[in-house]
Amino acid sequence: MQYFELTFLILFLPLVMLIYQLVGKKKRPFILLIASYIFIYTLSGKLLVYLLLATLCIHHFGIWLDANKKEEKEQIKDLDKEEKKQIKLKYLKQRKGILFLGILILMIMITLTKYMAFIGVNINHLLALFKINLKFKLSNLVAPIGISFYTFSAISYLVDVYRGKIKADNNLFKLALFLAFFPQIMEGPISRYEDTAENLYEGKKITYHNMCFGIQRICYGLLKKLVIADRLNTPVKLIFNGYDKYGGVILLLGAILYTIQLYMDFSGIIDIVIGTGEIFGIKLPENFRQPFFSKNISEFWSRWHITLGTWFKDYIFYPISLSKMSRKITNSLRKKIGNHFGPLVAGTIALGTVWLCNGLWHGAAYHYVFFGFYHFALILMANIFNPAINNFYEICHINPEQFFIKAIRIIKTTIFVIFGELFFRAQSLKIGLVMFKKIFTEFNISSLNWKTLNALKLFNYELIIIGITLLIVFIISIIKEKGINIREKIAKKPIYIRWMIYYALVLYVIIFGAYGGLYIPVEPMYADF
Amino acid sequence: MRNDLLEILENIKPGVDYENLNTLIDEHYLDSLSILSLVAELEDEFDIVIPTVEIIPANFNSVDNMLKLIEKLQEED
Amino acid sequence: MKNIIKPIVFIAILGGMLAFLSLVFEPKDNLESYDIRSLEANGILGEPKNTIDILFLGDSELYSSISPLQLFNEYGIASYVTSTAGQKLFESWDFLKKTMKNQNLKMVVLDCNLFFRKMKYNEILNNKLENFLAIFKYHNRWKHLTKKDLLLSDKSYTYSDKYKGYLIRNNIKSVNKYYEKQSTDKIFDINIENVFYINKIINECQKRGIEVLFVSTPSYIEWTYAKHNAIELLAKKNNVSYFDLNIDNIANIDWKADTVDAGDHLNYLGARKTTTQVGKYIKDNYNLVDHRYDVNYQNWYQLINNYYEKIRSIEKSS
């Protein structure tokens with residue numbers, strides 16, 4: 001079952017809503033939990049086992065961490081300062097061990113499902129390098145649907161308990177629901193315990209208002225996913241699979257179309273997910289904020305897959321860049337070379353780690369690692385050259401926020417992103433590099449004609465629908481970017497206008513969605529990451 | 001204390017309307033590198049230790065919130 | 001209360017719109033220009049009323065094995081093959097229902113390879129919905145809606161396949177290494193959803209006095225003794241006859257020459273042998289009218305001539 005399939009939309013979801021509404025407030029979270037497990041089971045039985053193990057693991061380790069803290073408090077009650085410090089240190093060390101063990105278990109589980117094949121290949125390369133004739137055959141245990149998402153939520157829970165930001169939860173069911181909530185399980189957003197767990201467990205009644213808003217959001221998501229993303233699937237596949245047959249123009253077109261497809265697919269699914277949450281009165285974190293209006297790459301990453309970005313910031317970037325070692329480096333450098341470049345070394349080490357993890361998080365392959373380092377390099381360059389660029393603006397009396405300059409910056413960022421996605425989508429790093437080179441060496445604009453477009457299944461009526469739909473999304477994005485809440489605005493309109501908008505949206509998706517017939521259903525693109 | 005803080009901020013990234021903005025992080029006036037400098041400066045200036053848990057947008061989005069954080073950490077010590 | 005009425009009214013209006021659009025989008029003819037897929041199988045809709053006695057339901061194994069025109073020529077049997085590649089049982093059920101509207105069938109033959117193709121609940125539900133509201137199945141026709149669609153004209157089916165659903169294939173790819181299959185007592189497990197649909201088809205046929213026959217067409221790759229056992233058991237349970245051409249190689253298939261893809265599907269040579277055997281079995285065991293001298297069937301001879309001409313030209317060229 002997939003979020004954009006009819007069985008989910010008109011059978012599973014309404015049924016869950018109905019049962020949820022009929023039972024008492026206390027039972028509602030259990031309905032959600034059961035529904036979640038059924039949903040996951042339809043994806044994969046094995047996955048359910050992994051999820052249950054992860055749930056038990058963080059439940060146990062959370063309680064263990066808190067018990068350790070309690071014990072520490074008991075112990076240091078009547079001691080003097082020096083002894084206190086000693087005991088505190090001892091317990092801190094223990095807690096570090098517990099946390100490490102908990103994360104290790106989660107990491108082993110994710111490794112078994114996601115990275116085994118990659119590790120196997122690399123071991124074999126290494127052995128071959130030392131002329132050892134031994135071949136390992138390692139393969140991934142299950143298709144890692146959604147596993148990276150809930151594992152990150154699980155790790156954040158453990159670390160937050162360790163840091164004392166939240167208290168460990170005794171309630172196994174609440175934790176289980178937090179990890180398994182069915183709209184989120186495939187593609188996130190990666191939520192934090194403190195933000196969503198209570199909300200999930202509340203068992204709020206479904207209100208008319210929430211239902212309308214939720215369904216509205218789901219329809220908008222379907223529009224992005226079914227009308228645009230899935231329609232682009234075939235052309236993108238043809239271009240990337242037959243990269244050797246096409247010249248630079250078509251390859252560039254492929255990269256652009258893939259970027260559109262990926263955004264429409266991922267953000268569309270996230271709209272469906274958040275909308276589904278909304279129906280049940282659950283506020284899930286936003287994952288996108290008009291990323292293609294970013295003026296630089298680091299802004300892009302604070303608008304694209306936001307929950308992953310903040311996760312990396314909170315659990316990798318700051319812990320590394322503010323570790324004792326880093327602080328020492330920063331402090332000594334700061335005094336010598338000033339506040340801009342002082343933290344650069346520590347920041348860069350942390351940033352590099354983040355981007356290595358980001359690359360690997362998307363999948364165990366070198367083109368993902370390259371993708372990570374590509375963005376790392378772009379951000380690093382911006383960090384180094386920013387003061388110079390700002391000086392330049394000042395000297396030339398250019399206001400970087402002026403419309404025209406802003407547009408140029410936005411286009412520049414978008415171009416960088418598109419090239420990044422080229423490597424991201426390419427079947428391997430090598431192929432990505434070949435494609436990249438071709439764009440600059442074999443750029444022949446005349447190869448972009450109706451004949452090639454038709455061969456790529458981009459017929460004129462497909463292009464018209466893509467164009468119109470992108471325009472709709474673009475206009476809505478501008479309105480959102482301006483800070484106008486378009487949904488509240490619609491809600492205030494008289495009922496016949498409101499309903500006409502809703503009917504138009506629903507029928508538009510049903511008629512123009514690229515599903516059925518020759519369109520192959522496309523699994524959510526981020527589910528396997 | 002407020003003026004000290006403003007001076008530090010001006011030193012790290014000049015030309016921002018620190019007094020009136022409350023979206024310093026959300027709107028990217030302060031990037032993560034500025035935060036690293038800021039943390040180091042604050043720890044020096046006010047004799048506090050800022051734990052990683054406290055490094056969240058909410059605490060650094062406005063001067064008022066930063067002051068609150070500093071006061072809280074000073075008390076805890 | 002108001003909060004319940006509003007959604008109900010909203011959904012009712014939406015349902016009305018979808019029902020109307022379904023009428024618009026439903027193909028008004030079984031032509032390719034109406035976005036009909038599997039044209040050959042859907043050609044059954046264009047057959048004149050009450051002229052087809054036997055409906056063959058199956059997947060690609062079947063349309064590679066049975067030639068209705070040969071059956072008519074040799075035995076006077078009027079039949080049609082509505083098989084599609086990778087057909088699932090719910091699709092077979094749809095074909096049967098559609099056919100019965102226009103044809104007074106005497107017999108339904110199921111190719112048992114159908115029984116082993118897994119169906120997801122998802123697909124079954126989706127299919128049900130698409131049957132209920134055609135807009136979900138035919139929405140892609142927005143690109144070429146015709147005047148007929150917009151005027152909600154009555155449906156009239158004009159296309160019928162020149163080989164009555166059979167697919168002539170002439171290339172040869174031999175089975176690499178042929179091993180005699182080992183007999184076993186094992187019984188292949190047929191999924192309950194599949195059993196459900198098989199029973200549904202049998203019940204419907206028995207209700208209308210239509211004979212049902214299970215056939216296993218020759219396939220070196222697909223067929224096993226375990227599957228045979230499972231089908232036999234199912235046939236006995238439902239009081240249905242089962243004709244397995246794989247046992248003792250009844251059709252005398254030469255796996256070196258009679259297959260297009262190394263033992264999965266038959267080519268025209270294999271199909272010729274298989275059709276003869278199946279026709280003989282039906283003739284011997286069932287009482288069907290021989291239509292060869294029926295004036296209403298004279299138009300079949302034109303197709304038959306065309307068909308044998310095609311076969312002859314293939315034989316000449318190889």
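**Chains in contact, and a helix with a buried side**

Chain A puts 17 residues into its contact with chain C, and chain C puts in 17 residues. Two residues are in contact if their C-beta atoms, placed from the backbone, lie within 7 Å. On the side of chain A that touches chain C, the elements giving two or more residues are α1 (6-22) and α20 (495-512) of chain A. Helices (H or I, at least four residues) and strands (E, at least two) are DSSP runs, numbered from the N terminus. α20(A) gives the most to this side, with seven residues. By class, the side of chain A that touches chain C has twelve nonpolar, four polar and one charged residues. Here Ala, Val, Leu, Ile, Met, Phe, Trp, Tyr, Cys and Pro count as nonpolar, Asp, Glu, Lys and Arg as charged, and the others, Gly among them, as polar.

This is a predicted model, in which local features need pLDDT of at least 70 and side-chain atom pairs count only at pLDDT 80 or more, while totals for chains, interfaces and linings use all residues. Residues are numbered from 1 along each chain as its sequence is written, and chains are lettered from A and ligands numbered from 1 in the order in which they are written.

Now turn to chain B. Of the two pairs of chains that touch, chains A and B have the most contacts. Here 21 residues of chain A meet 13 residues of chain B. The elements of chain A that give two or more residues to this side are α10 (297-301), α11 (306-321), α12 (324-341) and α13 (344-362). The side of chain A that touches chain B divides into seven nonpolar, eight polar and six charged residues. Chains B and C share no contact, and their closest C-alpha atoms lie 38 Å apart.

Which residues of α2(A) are buried? They are Arg28(A), Pro29(A), Leu32(A), Leu33(A), Ala35(A), Ser36(A), Phe39(A) and Ile40(A). They cover an arc of only 165° around the axis, so they lie on the same side of α2(A). The arc is that of the directions from the helix axis to the C-beta atoms. A residue is buried if 20 or more other C-beta atoms lie within 10 Å of its own, exposed if 12 or fewer, and partly exposed in between. The cover over the buried residues of α2(A) includes α1, α3 (45-76), α6 (172-180) and α7 (193-201) of chain A.

Some local features follow. A cis peptide bond joins Gly188(A) and Pro189(A), with omega about 5°. Pro189(A) sits in the loop between α6 and α7 of chain A. Most residues other than glycine have a negative phi, and most peptide bonds are trans. His305(A) has a positive phi, near 45°. His305(A) lies in the loop between α10 and α11 of chain A. Is His305(A) buried or exposed? His305(A) counts as buried, because 23 C-beta neighbours lie inside 10 Å.

Asn239(C), not a glycine, has a phi of about 60°. Asn239(C) lies in the loop between α10 (225-238) and β5 (241-244) of chain C. Asn239(C) is exposed, with 9 other C-beta atoms within 10 Å.
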